[in-house]
Amino acid sequence: MATAKKAAAKKSPAKKTTPAKKTSASAKKAAPAKKADSTRNTGATAVKKAAPAKKALAAKKAPAKKAAARKTAAKSVTELLARGPLDAVKLLTADHREVRQLFDQYEELADREAEATERKQLAERVCKMLEVHAQIEEEIFYPAAREALSDDDEDLLDEAKVEHDSAKDLIAQIRAMEPDQDLYDAKVKVLGEYVQHHVEEEETEMFPKCRRRKMDLGELGERLAERRGVLLGDAVTGGSGSSSGGVTAVFGATAGQVE
Ligand SMILES: [Fe+2]
Ligand SMILES: [Fe+2]
């Protein structure tokens, strides 16, 4: 027996690798738990998992650094179209990102109490972008979606239209004001939160349904790009995917001369 024990003891160094393996295995097992802990504390994930109403609240508290990071993250629709045609969902989603970036930029201006003219110019760019986005959705995308989706999804489209109308009301209020008036910055900020909520509904409910229904998103994308280009006064052409001059350049020239 003693010999057997000794033999086992001799073998033990080889077994020592087992605990090491166990440690790494258990670390792997522990990883998801740690991940879960860390994601619980991450604002961005909290936003993803939160209900729409909470999302707006969380976005409100998002650190300025995140807004700055987002500002450089997304390519403009014009840049994307220069690479090639976008299907309808991709185009509208890219437009959402572009508008979001403008809202982030506005928040930075408001935080550092930038000059009224600078804030007014940017607010007007945001308003015009939103106006054009809503118009191309209402003229082209929503009717096509209404045709393709089931009767059960009618409510989704009705609500989207009502949300557009509410956003337009707020846009009209902003345009009727001067940036040094009380509530000007607040109205722009609330418009941003309101639009964010609407965008999340489109991207998480409406757009996935449209993809599943196999709408001709390619053809719709071309029509949206063309109409968007015309409404923005841009030279973007939907079919060819070419562009000359960006949205920024266009707005730079036309800020304050809307409609
Ligand atoms: Fe919309
Ligand atoms: Fe949209």
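**Close-up views of a helical chain**

**View 1. Helix H8 beside helix H10.** In this predicted model, helix H8 (residues 116–148) and helix H10 (residues 184–212) have axes that come within 13 Å and cross at roughly 25°. Because that angle is under 35 degrees, H8 counts as roughly parallel to H10. The crossing of these two helices is left-handed. On the H8 side the contact is formed by Ala123, Leu130, Ala145 and Ala148, and on the H10 side by Val188, Val195, Met206 and Cys210. By class, the residues of this contact comprise eight nonpolar, no polar and no charged.

**View 2. Helix H8 against helix H11.** Helix H11 (residues 217–232) packs with H8 at an angle of about 155°, and the two axes are 10 Å apart. Since angles over 145 degrees fall in this category, H8 is described as roughly antiparallel to H11. Here the crossing is right-handed. From H8, the contributing residues are Val132, Gln135, Ile136, Glu139, Ile140, Phe141 and Ala144. Their partners in H11 are Leu220, Arg223, Leu224, Arg227, Arg228, Leu231 and Leu232. The contact of H8 with H11 divides into nine nonpolar, one polar and four charged residues.

**View 3. Glutamate 131 in helix H8.** Glutamate 131 belongs to helix H8. Is this residue buried, exposed or partly exposed? Glutamate 131 counts as partly exposed, because it has 18 C-beta neighbours inside 10 Å, whereas a buried residue would need 20 or more. The view also includes leucine 232, which lies 101 residues away from glutamate 131 along the chain. The C-alpha atoms of glutamate 131 and leucine 232 are separated by 9.7 Å.

**View 4. The annotated span of residues 99–126.** An unreviewed UniProt entry lists residues 99–126 as a "coiled-coil region". In the model, 86% of this span is helix and 0% is strand. How far apart do the end C-alpha atoms of residues 99–126 lie? The distance between these end atoms is 6 Å.

View 5. Glutamate 113 is placed in the loop between helix H7 (88–111) and H8. Its phi is positive, at about 50°, although the residue is not a glycine. Most residues other than glycine have a negative phi. Glutamate 113 is exposed, because 9 other C-beta atoms lie within 10 Å and the limit for an exposed residue is 12 or fewer.

View 6. The loop between helix H9 (154–175) and H10 holds leucine 183. Leucine 183 is not a glycine, yet its phi is positive, at about 75°. Which class of exposure does leucine 183 have? Leucine 183 is exposed, with 12 other C-beta atoms within 10 Å.

**View 7. The chain as a whole, for orientation.** The chain contains 12 helices and zero strands. Read from the N terminus on, its elements run α-α-α-α-α-α-α-α-α-α-α-α. Of the 259 residues of the chain, 25% count as buried. Among contacts in the chain with a separation of 6 or more, 67% involve residues 24 or more positions apart.

Definitions and conventions
Residues are numbered from 1 along each chain as its sequence is written. Chains are lettered from A and ligands numbered from 1 in the order in which they are written. This is a predicted model: local features need pLDDT of at least 70, side-chain atom pairs count only at pLDDT 80 or more; totals for chains, interfaces and linings use all residues. Axes are lines fitted to C-alpha atoms, for helices over the stretch in contact, and angles run from 0 to 180 degrees between N-to-C directions. Helices (H or I, at least four residues) and strands (E, at least two) are DSSP runs, numbered from the N terminus. Angles under 35 degrees count as roughly parallel, over 145 as roughly antiparallel, 65 to 115 as roughly perpendicular and the rest as oblique. A crossing is left-handed if the near helix is turned anticlockwise from the far one by less than a right angle, and right-handed if clockwise. Two residues are in contact if their C-beta atoms, placed from the backbone, lie within 7 Å. Ala, Val, Leu, Ile, Met, Phe, Trp, Tyr, Cys and Pro count as nonpolar, Asp, Glu, Lys and Arg as charged, and the others, Gly among them, as polar. UniProt positions are given in the numbering used here, feature names are shortened, and annotations may be inferred rather than shown by experiment.
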